[in-house]
Amino acid sequence: MSAVQIIVMCNGYRGIFLLGLQRVICMCTDCCKKPEAEREFSCTQYEQHCGAGAAKKWKASLRIEPGCVPEVPEGLSHSICDPSAQLSSVDSPVES
Ligand SMILES: [Zn+2]
């Protein structure tokens, strides 16, 4: 798989956001003990896993760690929902 991986933070939990797939592999201490397949969440599932599910705004809850990836220059801290961000092509599927 060739998805772009971006380190994100959600409510203090660190995860790997798979750009394009809109999946997050959690890297919290509990999940690190599990096989990767069991650590993979959808964005909304991950938000709930991190205790931020009440917001139901994963694009606001998931934050890119500044400086972690070349696409996000250090000091440029923006959220995934920032229309000027690299991730502007990420569209949340309509979830029922
Ligand atoms: Zn976790």
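**Close-up views of a predicted model**

View 1. Strand β2 and strand β3 (residues 23-26) pair in the antiparallel sense over 4 bridges. Two strands count as paired if DSSP finds at least two bridges between them. Strands (E, at least two residues) and helices (H or I, at least four residues) are DSSP runs, numbered from the N terminus. This is a predicted model, in which local features need pLDDT of at least 70 and side-chain atom pairs count only at pLDDT 80 or more, while totals for chains, interfaces and linings use all residues. Residues are numbered from 1 along each chain as its sequence is written. Across this pair, Phe 17 stands opposite Val 24 in β3, and Gly 15 stands opposite Cys 26 in β3.

**View 2. The loop between β2 and β3.** The hairpin has 3 residues between the strands, and Gly 20 takes a positive phi near 100° there. Gln 22 is found in this loop as well. Its phi is positive, about 55°, although Gln 22 is not a glycine. Is Gln 22 buried, exposed or partly exposed? Gln 22 counts as partly exposed because it has 18 C-beta neighbours inside 10 Å. A residue is buried if 20 or more other C-beta atoms lie within 10 Å of its own, exposed if 12 or fewer, and partly exposed in between, with C-beta atoms placed from the backbone.

**View 3. The hairpin of β1 and β2.** Strand β1 (residues 4-10) and strand β2 (residues 13-19) run antiparallel and are joined by 7 bridges. Met 9 stands opposite Arg 14 in β2. This hairpin has 2 residues between the strands. Asn 11 lies in the loop between β1 and β2, and its phi is near 55°, a positive value in a residue other than glycine. Asn 11 counts as partly exposed because it has 15 C-beta neighbours inside 10 Å.

**View 4. The open sheet.** In what order do the 5 strands form the sheet? The order is β4-β3-β2-β1-β5, with antiparallel pairing. The edge strands, β4 (40-42) and β5 (62-64), each pair on one side only. The twist averages 40° from one strand to the next; axes are lines fitted to C-alpha atoms (for helices over the stretch in contact), and angles run from 0 to 180 degrees between N-to-C directions.

**View 5. The largest nonpolar core.** A nonpolar core is a set of buried Ala, Val, Leu, Ile, Met, Phe, Trp, Tyr and Cys residues joined through C-beta atoms within 7 Å. The largest one has 14 residues, of which Val 8, Cys 10, Val 24, Tyr 46 and Leu 62 touch the most other members. Two or more residues come from each of β1, β2, β3, α1 (43-49) and β5. The largest share, 3 residues, comes from β1. Not counting residues up to four places away in sequence, Val 24 touches Val 8, Gly 15, Ile 16, Phe 17, Phe 41, Cys 43 and Tyr 46. Two residues are in contact if their C-beta atoms, placed from the backbone, lie within 7 Å.

**View 6. Confidence along the chain.** The protein averages a pLDDT of 76, where pLDDT is the predictor's confidence in each residue, from 0 to 100. Among the elements, helix α2 (residues 58-61) has the lowest mean pLDDT (83) and β4 the highest (95). Over residues 76-90, pLDDT stays under 50. Where pLDDT is low, the predicted coordinates should not be read in detail.
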